[in-house]
Amino acid sequence: HGGEKKKNKQKIKIMSKTQAIIFFLFSFVSLIICDVPWEDSPTLTRMWQDISSGKYQTVMDLAFQNPEAPKERASDGRGPLFWAYEFENVDAMALLLTLQVDQNTKDGSGRTPGDLFPGTDEDRDTFLQSVKKRMPTMQKEMEERIREIQKYQEEMQRQQEQEGQKDSDDSEESEEVPQAQQRKLEVSEDSDEGEKGDSDSEEQKRAERLRKLDALKNKQKSQDL
């Protein structure tokens, strides 16, 4: 009996460890496969307005700002790809497929994006053929847009560097002005001291002449006496 109880305890411990590992793996996998929460947002509203009106430029702009934007889903589980099918927007569809948005995803009702296409299966095939033809030019358009963005960023950086250099030059110039004023003041003071020295020398000479003149007068008086 004692041996059987010990074996049962070991089995329970092993089962507990196994259950813990399974629970951990299940939780980890759940985190991986869990999508971003479905919720309405201003970004999704802007994309819906763009796609429903036959446009795609806003979707492209938002994709460059945030690569995850085209994959976002509204509260009903639908997103840009659903709307591209629903409104038969070839350009938006080509853009989203170029961005590799999943076509097999499902909304809150279990419907895929393709299920929202309003036409027949034949119309849908024609639509997808048009999308396929549009994708190469869409790829080029995106590449061109990327170059424009890079060029804009380089220009902005160049302007910032120029403004920084200008601020640096202005700072150096503002430092040079007081230095020039100081040098001018020093020259002025030296000039004043030189003029003062010349003036003192003239006074000394004049005093010396007066002393000699007085001495001469005194000598003359003594001779007359």
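**Exercise 1. Determine what percentage of the protein chain counts as buried.**

*Solution.* Start with the term: buried means under 20% relative accessible area, exposed means over 50%, and partly exposed lies in between, with a 1.4 Å probe and protein chains only. Of the 225 residues of the protein chain, 20% count as buried. The structure is a predicted model, in which local features need pLDDT of at least 70, side-chain atom pairs count only at pLDDT 80 or more, and totals for chains, interfaces and linings use all residues. Residues are numbered from 1 along each chain as its sequence is written, and side-chain values use heavy atoms, with hydrogens and water left out.

**Exercise 2. State how many helices and strands the protein chain has, and give their order.**

*Solution.* Helices (H or I, at least four residues) and strands (E, at least two) are DSSP runs, numbered from the N terminus. The protein chain has six helices and zero strands. Read from the N terminus on, the order of elements is therefore α-α-α-α-α-α.

**Exercise 3. Identify the residues of the largest nonpolar core that touch the most other members, and the elements that supply this core.**

*Solution.* First, a nonpolar core is a set of buried Ala, Val, Leu, Ile, Met, Phe, Trp, Tyr and Cys residues joined through side-chain atoms within 4.5 Å. The largest such core has 27 residues, of which Trp83, Met93, Leu95 and Met138 touch the most other members. Next, two or more residues come from each of α2 (42-52), α3 (57-65), α4 (80-86), α5 (90-98) and α6. Finally, α5 gives the most to this core, namely six residues.

**Exercise 4. Describe the salt bridge between Asp107 and Arg78.**

*Solution.* A salt bridge is a side-chain nitrogen of Lys or Arg within 4 Å of a carboxyl oxygen of Asp or Glu. The structure holds six salt bridges. In the one between Asp107 and Arg78, the closest N and O atoms are 2.9 Å apart. This pair links distant parts of the chain: Asp107 is in the loop between α5 and α6, Arg78 is in the loop between α3 and α4, and 29 residues separate them. Both Asp107 and Arg78 are buried.

**Exercise 5. Trace the network of salt bridges that links Asp91, Arg134 and Glu141.**

*Solution.* Begin with Arg134 and Asp91, whose closest N and O atoms are 2.6 Å apart. Here Arg134 in helix α6 is joined to Asp91 in helix α5, two distant parts of the chain 43 residues apart. Now classify each member. Arg134 is buried because its relative accessible area is 16%. Asp91 counts as partly exposed because its relative accessibility is 24%, and Glu141 counts as partly exposed because its value is 28%.
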